[in-house]
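Welcome, and please open your viewer. We will go from one selection to the next, with a short note on what is there at each stop.

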Amino acid sequence: MSSRGTSSTERAARSGGVLTPGRIAIGVVLVLLLVFIFENTRQVRIRLLIPEVSMPLYLALLATTLLGAVCGYYAAARRRK
């Protein structure tokens, strides 16, 4: 049978299920990250090379997290080639 005819439950059963240990770990890390970010809501001053900006700390943390994730994804994608 081709992969087109398989249902999502059949694919999930073949790939080890929906809740794999890796996915659970990622989910726990994401929840902890969100708790950490939203507990830090005070305004902070951040120097961006030359200008100094004032923004909530959670936005600065979220921005650096997203930049780190993009860099990590890019590095992993380059390694696979």
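Select Ile46 to begin; this residue sits in strand E1 (helices, H or I with at least four residues, and strands, E with at least two, are DSSP runs numbered from the N terminus). With a relative accessibility of 22%, Ile46 counts as partly exposed (buried means under 20% relative accessible area, exposed over 50%, partly exposed in between, using a 1.4 Å probe and protein chains only). Now show what surrounds Ile46: setting aside neighbours within four places in sequence, its contacts are Pro51, Glu52, Val53, Met55 and Ala60 (contact means heavy atoms within 4.5 Å). Draw a line from Ile46 to Ala60: the C-alpha atoms are 8.4 Å apart in space, and the two residues are 14 apart in sequence.

A word on the model before moving on. This is a predicted model, in which local features need pLDDT of at least 70 and side-chain atom pairs count only at pLDDT 80 or more, while totals for chains, interfaces and linings use all residues. Residues are numbered from 1 along each chain as its sequence is written, and side-chain values use heavy atoms, with hydrogens and water left out.

Next, colour strands E1 (43-47) and E2 (52-56). They pair in the antiparallel sense over five bridges (two strands pair if DSSP finds at least two bridges between them). Together E1 and E2 make a hairpin, with four residues between them. Leu49 is exposed, at 82% relative accessibility.

How many salt bridges does a search of the whole structure find? The answer is two (a salt bridge is a side-chain nitrogen of Lys or Arg within 4 Å of a carboxyl oxygen of Asp or Glu). One joins Arg45 to Glu52, at 2.9 Å from N to O. The other joins Glu52 to Arg47, at 3.3 Å from N to O. Arg47 also stands opposite Glu52 in E2. Through shared partners, Arg45, Arg47 and Glu52 form one network. Arg45 is exposed at 67% relative accessibility, and Arg47 is exposed with a relative accessible area of 54%, whereas Glu52 is partly exposed at 43%.

Now select helix H2 (residues 21-39) and helix H3 (residues 57-80), whose axes come within 8 Å and cross at roughly 145 degrees (axes are lines fitted to C-alpha atoms, for helices over the stretch in contact, and angles run from 0 to 180 degrees between N-to-C directions). Show the side chains in the contact: Leu33, Phe36, Ile37 and Phe38 come from H2, and Tyr58, Leu61, Leu62 and Thr65 from H3.

Finally, zoom out. The protein chain has three helices and two strands, and along the sequence they follow the pattern α-α-β-β-α. Of its 81 residues, 12% count as buried. Among contacts in the protein chain with a separation of 6 or more, 12% are between residues 24 or more positions apart.
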